[in-house]
Amino acid sequence: MQIIDHIYIDGAFVTPHGDEFFDLFNPATEQVIGRVRLADAEDARRAIAAARRAFPAFSRTDKRARIDMLKRLHAAVIAKEDALFEAIVEEYGAPVTRGRWMARHAGNVLIEAAKVLEDYAFVREAGTAKVIMQPLGVAGLITPWNSDAGFICGKLAAALAAGCTAVIKPSEMSAIQTRVVTEALHEAGLPPGVFNIVTGRGETVGAEISAHPDVAKLSFTGSTLVGKTILRSAAETLKRVTLELGGKSPMIVLDDADFDAAVPLALDAGFMNSGQACIAGTRILVPQARLAEFEQKIMRAVAGIQSGDPRDARTSIGPMVSRRQWERVQRYIRVGIEEGARLIAGGAGRPDNVSAGWFVRPTIFSDVRNDMTIAREEIFGPVLSIIAYRDTEDAIAIANDTSYGLQAYVCSSDTARASAVAARIEAGRVLVNTLAHEPAAPFGGFKQSGIGREYGAFGIEAFLEPKSLLGAA
Ligand code: NAD
């Protein structure tokens with residue numbers, strides 16, 4: 001049982017002013033494994049004040065100093081990789097292979113930002129003017145539970161690279177992972193106040209950060225609903241806002257695709273991060289003429305996918321993070337059935353032989369119409385919808401008929417043809433015959449999947465404002 005009763009403000013671990021305790025669970029066993037004392041709005045204000053004090057000196061550090069700091073942060077995080085991995089498996093329930101990737105990713109994003117900074121020009125010319133990219137000020141970074149360490153480190157890396165100081169509010173459900181990351185980041189010995197980490201509730205700490213006049217920039221990853229609330233609060237002081245929100249990503253299987261390649265790709269994209277991924281390919285678009293063939297192959301393949309104990313190396317789908325999330329996924333499975341979709345794998349309830357833990361059966365519906373609830377709303381669990389299309393034009397229309405636009409996938413034997421389709425998809429990233437991540441490329445959503453971009457130079461620029469100097473030396 002871990003008791004977490006400190007937050008991180010001004011370079012020190014301090015007792016929060018907030019006095020509410022919140023239970024932490026192992027989602028694979030439903031057992032309480034810890035308790036966290038939550039920060040409140042007063043703690044948020046203290047953290048913002050510390051970041052504000054640190055900003056003038058930090059914003060004037062040069063590129064070399066910041067690259068050095070990012071490298072120290074990277075070294076500190078990778079030194080704690082094993083502890084982070086344990087926390088991710090225990091508190092989040094990530095299957096071991098995924099958990100290991102997530103623990104490494106948290107370090108990688110820091111070193112990637114250092115690399116981008118090497119080549120980044122803070123001063124440019126525009127006609128006769130000199131343009132200086134200037135850090136915005138204190139950045140509020142609000143992150144979700146589905147990749148706690150990765151989001152904390154990724155947003156922090158971009159903010160610091162730009163010269164901003166930060167107040168981070170992670171999800172209250174990830175406090176054990178956050179503790180490991182915070183202890184690691186502290187080891188890097190950055191000046192006090194440059195980053196502060198206050199775990200608390202969204203409605204209190206998150207709301208305070210979103211509204212506070214001394215916060216110049218918000219970077220939020222989470223649900224579209226909360227993203228809109230944050231944007232409204234931020235409007236009052238015209239904060240710059242980056243929102244990375246939900247998705248309902250299409251996996252477009254073109255009629256020439258080799259199904260022996262397309263089926264595993266569709267399952268990996270759909271069940272990524274146990275289905276709790278904003279970029280999961282949850283709408284699988286299949287040519288009507290080859291639907292039966294695709295169904296046969298995917299039913300065979302899904303039978304070999306294990307949803308269960310995250311510590312079992314054969315498991316690729318771990319539990320949902322919380323009872324609430326499990327119930328939400330169960331509700332969508334029932335809604336899918338009620339609306340007339342045809343269940344071809346999985347269904348409601350826990351997998352066979354599993355008596356505890358928030359596990360979901362890997363579930364696939366066919367005969368889904370794009371206007372059904374399960375095709376329109378983000379489920380955030382291992383539930384996929386197969387939607388049949390007539391021809392390529394129809395596939396593109398269905399793919400784009402969504403309020404989201406985060407990511408899309410195209411699968412074909414002809415890369416040129418797939419690329420032509422990709423060009424017509426309204427999404428921030430389109431992956432052709434691959435699931436590979438490119439850290440230098442911008443990431444973010446079209447439409448209601450968000451505003452702005454993360455990663456690479458685009459991610460750093462989200463924390464900068466151009467300033468033109470005319471007539472200056
Ligand atoms: P959430 O929106 O409920 O919470 C995200 C964060 O916002 C948490 O830290 C939460 O405490 C905080 N928050 C809640 N209410 C707030 C408020 N009123 N003001 C300020 N902060 C508030 O999301 P979640 O359930 O933690 O995460 C799942 C969601 O995140 C999914 O919808 C998923 O698509 C999205 N997500 C998006 C991306 C992306 O990059 N686009 C990545 C991962 C997850």
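How many bridges pair strand E7 (residues 129-135) with E23, and in which sense? The two strands pair over 6 bridges, in the antiparallel sense.

## Basis of the model

This is a predicted model, in which local features need pLDDT of at least 70, side-chain atom pairs count only at pLDDT 80 or more, and totals for chains, interfaces and linings use all residues. Residues are numbered from 1 along each chain as its sequence is written, and side-chain values use heavy atoms, with hydrogens and water left out.

## Domains

The domain assignment gives domain 1 (2-245 + 448-469) and domain 2 (250-438). Such bounds come from an automatic or database domain assignment. The C-alpha centres of the two domains lie 30 Å apart. At their contact, 25 residues of domain 1 meet 32 residues of domain 2. Contact means heavy atoms within 4.5 Å.

An unreviewed UniProt entry places the feature "domain: Aldehyde dehydrogenase" at residues 14-468. UniProt positions are given in the numbering used here, feature names are shortened, and annotations may be inferred rather than shown by experiment. Over residues 14-468 the chain is 42% helix and 22% strand. The end C-alpha atoms of that stretch are 41 Å apart. Helices (H or I, at least four residues) and strands (E, at least two) are DSSP runs, numbered from the N terminus.

## The three-strand sheet

E7 and E23 belong to an open sheet of 3 strands, ordered E6-E7-E23, with antiparallel pairing. Two strands pair if DSSP finds at least two bridges between them. Strand E6 (123-126) and strand E23 (464-469) stand at the edges; each has a single partner strand, so one side of each is left without a neighbour in the sheet. Neighbouring strands are turned by 35° against each other on average, direction ignored.

## The seven-strand sheet

A second open sheet has 7 strands in the order E17-E18-E19-E14-E13-E20-E21. Its pairing is mixed. E17 and strand E21 (429-432) are the edge strands; each has a single partner strand, so one side of each lacks a neighbour in the sheet. The twist averages 25° from one strand to the next.

Strand E20 (residues 407-411) and E21 run parallel, joined by 4 bridges. Gln 407 stands opposite Arg 429 in E21. Helix H13 (residues 392-400) packs on this sheet. H13 touches strand E13 (249-253), strand E14 (281-287) and strand E19 (383-389). The direction of H13 makes about 145° with that of E19. Axes are lines fitted to C-alpha atoms, for helices over the stretch in contact, and angles run from 0 to 180 degrees between N-to-C directions.

## Nonpolar cores

A nonpolar core is a set of buried Ala, Val, Leu, Ile, Met, Phe, Trp, Tyr and Cys residues joined through side-chain atoms within 4.5 Å. Buried means under 20% relative accessible area, exposed over 50%, partly exposed in between (1.4 Å probe, protein chains only). The largest core holds 70 residues. Leu 70, Leu 73, Leu 84, Leu 156, Leu 185, Leu 190 and Phe 463 touch the most other members. Helix H4 (residues 96-118) gives the largest share, 11 residues.

Leaving aside neighbours within four places in sequence, Leu 73 contacts Leu 110, Leu 160, Leu 185, Ala 188 and Leu 190. Apart from this core lies another, of 33 residues, including Leu 267, Val 302, Ile 317 and Ile 344.

## Buried sites

An unreviewed UniProt entry places the feature "active site" at Glu 244. Glu 244 lies in strand E12 (residues 240-244). Glu 244 is buried, at 3% relative accessibility. Not counting residues up to four places away in sequence, Glu 244 touches residues including Lys 155, Phe 220, Leu 406, Phe 443, Ser 449 and Arg 453.

Thr 178 sits in helix H6 (residues 175-187). Thr 178 is also buried, with a relative accessible area of 2%.

## Exposed loop and backbone angles

Ser 355 is in the loop between strand E17 (342-345) and strand E18 (363-366). Ser 355 is exposed, with a relative accessible area of 68%. Asn 353 is found in the loop between E17 and E18 and is exposed, at 84% relative accessibility.

Most residues other than glycine have a negative phi. Phi of Asn 353 is positive, near 65°. Glu 30 has a positive phi of about 70° and lies in the loop between strand E4 (21-26) and strand E5 (31-37).
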